[in-house]
Number of protein chains: 2
Amino acid sequence: VNETAATSLVDAVRSGDRGALARLLSVVEAGGEEARAALAELPVTAGDATWTIGITGAPGAGKSTLTAALVRHLRAKGVRVGVLAVDPTSPFTGGAILGDRVRMHDHTTDPDVFIRSMATRGHPGGLARAVPQAIRVLAAAGHDVVVVETVGVGQVEVGIAGTADTTVVVVNPGWGDGVQAAKAGLLEIGDVFVINKADRDGVSATVRDLEAMLALAGERAWVPPVLPTVATRDEGVDDLVDAVERHRAAAEASGELTERRERRIADEIRGLVLDRCIKQADDLVSGTRFATVVRQVADGVSDPYTAATLLVEGADGGAA
Amino acid sequence: VNETAATSLVDAVRSGDRGALARLLSVVEAGGEEARAALAELPVTAGDATWTIGITGAPGAGKSTLTAALVRHLRAKGVRVGVLAVDPTSPFTGGAILGDRVRMHDHTTDPDVFIRSMATRGHPGGLARAVPQAIRVLAAAGHDVVVVETVGVGQVEVGIAGTADTTVVVVNPGWGDGVQAAKAGLLEIGDVFVINKADRDGVSATVRDLEAMLALAGERAWVPPVLPTVATRDEGVDDLVDAVERHRAAAEASGELTERRERRIADEIRGLVLDRCIKQADDLVSGTRFATVVRQVADGVSDPYTAATLLVEGADGGAA
């Protein structure tokens with residue numbers, strides 16, 4: 001029954017049903033058996049024709065405004081666009097992110113744009129697994145481009161942006177912004193650098209800083225361009241679209257694309273394995289068996305290490 | 001050889017060697033085989049004569065200043081005190097915490113006070129495991145009281161404070177501070193509530209708020225007192241020491257103490273199990289076997305779920 005339900009949900013998504021798409025994304029986000037059944041219908045090659053653009057940078061750099069402008073320019077060319085906005089797990093930034101979402105409002109009535117916030121607040125494995133899967137779902141729904149916006153803080157979020165087909169790193173003008181990006185590990189992952197809010201002072205110094213730091217990486221087939229934009233006034237966004245298209249052509253020609261997509265698959269499998277191992281740990285430390293073992297340690301009959309070994313290895317024996 | 005080394009390190013700690021104590025705490029924090037060998041010498045009952053006091057609350061509530069004042073009062077009574085300051089993993093608060101540490105400075109030359117920052121920045125399992133183990137080590141070194149200071153944000157940190165023998169929750173005067181504490185899950189875990197910075201306005205309203213919220217929990221054998229303090233001027237700290245001693249007597253009489261100590265043992269075992277399961281996941285997603293599986297999925301020969309199952313169950317089969 002579950003398999004039939006999954007098949008019909010995936011079919012509805014393929015036929016352009018937006019309600020089905022929203023439901024399938026929720027299923028994938030939640031994980032578990034239902035996600036497994038649905039994704040069995042979507043081979044990893046399902047998204048091969050879809051281009052993913054990662055947009056990342058420090059909080060406040062203007063990523064959401066830039067994403068909205070980019071979507072507008074792509075729509076003007078007739079491109080169907082899906083947006084995945086990955087909320088950080090932090091309760092401190094959740095509110096601000098939610099506010100940013102409002103700026104996407106002008107796209108919400110366009111049937112060829114689909115915007116989704118991913119609020120995977122579980123462990124890091126959940127996000128590593130769910131993002132590549134959601135990209136596949138959006139591709140199956142016929143989106144030509146999927147934009148994945150993540151905050152450029154934290155290994156998991158930076159990693160997700162870095163496995164996009166083209167990664168755009170957003171900084172602002174001003175002394176030290178380039179250095180901050182370097183510290184956050186953003187220099188290594190950027191294919192295109194955008195200096196947003198370029199109506200402020202210090203743009204040329206930031207361009208110089210970034211280009212100097214990027215030059216340290218040595219000779220490379222693709223030299224990441226550094227582009228000033230003012231996303232709120234739609235300035236420089238055409239140049240960004242051009243740069244993404246040039247990078248796409250270069251990545252397809254060099255074999256870099258194949259490598260990126262394998263890294264995304266590796267992330268997904270890594271997330272699935274971590275999911276299962278953490279679930280296993282959760283199962284081992286609940287129930288009466290755990291209570292018995294804890295009591296034995298409390299009574300001095302056993303010690304914590306022996307107890308942990310007993311729980312982990314006892315469970316293996318039981319499963320075999 | 002390892003066991004002999006562990007035995008002599010534990011013996012040195014028992015004989016009062018502070019250098020050995022610092023080394024053993026590092027060993028325990030790092031985990032692994034060396035920690036296991038050392039802790040085999042320290043049964044969970046080793047700390048039974050030592051009283052642990054958890055101090056928790058929002059960042060900026062004055063926890064470190066209060067801890068320093070509490071240590072001073074306990075020292076005046078001839079009590080030997082160990083302090084575990086659990087750094088949050090957040091890079092945003094790391095700096096402020098480090099600054100707070102400086103206020104502990106007046107105790108650093110006292111041979112009967114030992115202060116340790118725990119910077120376990122790994123996964124939650126690491127902290128859940130390491131804190132009960134470090135308490136045992138400080139107990140073995142002859143400390144009568146161990147104060148565990150954690151920030152009252154995040155499930156793991158709040159959980160650690162909540163499994164102390166006596167948990168002190170620190171808030172500040174002002175509208176809404178009690179509500180914030182309730183939201184963070186601090187009302188349930190507090191045995192003693194301190195309104196620190198009580199030279200500011202709003203103390204009586206905060207006392208009233210807290211007492212009203214605590215009354216909602218219904219009849220209880222121990223009713224948590226709400227005490228105003230000004231830690232920077234040493235005001236109210238004697239009352240705090242009295243309250244902790246009264247709670248200790250009540251917890252010993254009611255059997256609550258046994259329950260708390262079992263919860264601490266459960267936390268430690270849970271942390272050890274999570275450690276092992278995450279280590280297992282890390283091993284599974286590295287090496288040539290993982291690379292082969294990723295390639296199979298990329299080539300369309302397999303899918304991510306089948307690959308994850310193969311990795312997890314293949315490994316079980318190999319171990320059995």
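Reader: Which residues of α1(A) are buried?
Author: In this predicted model, helices (H or I, at least four residues) and strands (E, at least two) are DSSP runs, numbered from the N terminus. Buried means under 20% relative accessible area, exposed over 50%, and partly exposed in between (1.4 Å probe, protein chains only). On these terms the buried residues of α1(A) are Ala6(A), Leu9(A), Val10(A), Ala12(A) and Val13(A).

Reader: What pLDDT must side-chain atom pairs have to count?
Author: Residues are numbered from 1 along each chain as its sequence is written, while chains are lettered from A and ligands numbered from 1 in the order in which they are written. Side-chain values use heavy atoms, with hydrogens and water left out, and in this predicted model totals for chains, interfaces and linings use all residues, local features need pLDDT of at least 70, and side-chain atom pairs count only at pLDDT 80 or more.

Reader: Which exposed residues does α1(A) carry on the face turned away from its buried side, and what follows the helix?
Author: The face turned away from the buried side of α1(A) has the exposed residues Glu3(A) and Thr4(A). After the helix comes a residue with a positive phi, near 100 degrees: Gly16(A).

Reader: What span does α1(B) reach from its first C-alpha to its last?
Author: Helix α1 of chain B takes in residues 2–14, which is 13 residues. The expected span of a helix is 1.5 Å times one less than its number of residues. Close to the 18 Å expected, α1(B) reaches 18 Å.

Reader: Within what arc do the buried residues of α1(B) fall?
Author: Buried in α1(B) are Ala6(B), Leu9(B), Val10(B), Ala12(B) and Val13(B). They line one face of the helix, because seen down the axis they fall within an arc of 155 degrees.

Reader: What is the strand order of the open sheet in chain A, and by how many degrees are neighbouring strands turned?
Author: Two strands pair if DSSP finds at least two bridges between them. The sheet has seven strands with parallel pairing, in the order β3-β2-β4-β1-β5-β6-β7. Its edge strands, β3 (113–118) and β7 (226–228) of chain A, each pair on one side only. Direction ignored, neighbouring strands are turned against each other on average by 20 degrees.

Reader: Is β5(A) mostly covered or open, and how many of its residues are buried?
Author: Thr166(A), Val168(A) and Val170(A) are buried on one side of β5(A), and Thr167(A), Val169(A) and Val171(A) on the other. The strand (residues 166–171) is mostly covered, and the count of buried residues is six of six.

Reader: Which residue of β6(A) stands opposite Val168(A)?
Author: β5(A) runs parallel to β1 (residues 51–57) of chain A, with five bridges, and Ile55(A) stands opposite Val168(A). Four bridges join β5(A) to β6 (residues 192–195) of chain A, also parallel. In β6(A), the residue opposite Val168(A) is Val192(A).

Reader: At what angle does α7(A) run to β4(A)?
Author: Contact means heavy atoms within 4.5 Å. Axes are lines fitted to C-alpha atoms, for helices over the stretch in contact, and angles run from 0 to 180 degrees between N-to-C directions. Helix α7 (residues 155–162) of chain A lies across β1, β4 and β5 of that chain, and its angle to β4(A) is about 155 degrees.

Reader: Why does Thr150(A) count as buried?
Author: Thr150(A) belongs to strand β4 (residues 145–151) of chain A. Leaving aside neighbours within four places in sequence, its contacts include Ile55(A), Lys63(A), Val86(A) and Ile160(A). Thr150(A) counts as buried because its relative accessibility is 1%.

Reader: What area do chain A and chain B bury between them?
Author: The contact takes 42 residues from chain A and 42 residues from chain B. Buried area is the accessible area (1.4 Å probe) that two parts lose on being put together, summed over both. With 74% of it on carbon and sulfur atoms, the area buried is about 3600 Å².

Reader: Which residues of chain A lose the most area to chain B?
Author: Three residues of chain A together make up 19% of what that side buries. They are Ile269(A), Arg276(A) and Tyr305(A).

Terms used: The arc is that of the directions from the helix axis to the C-beta atoms.
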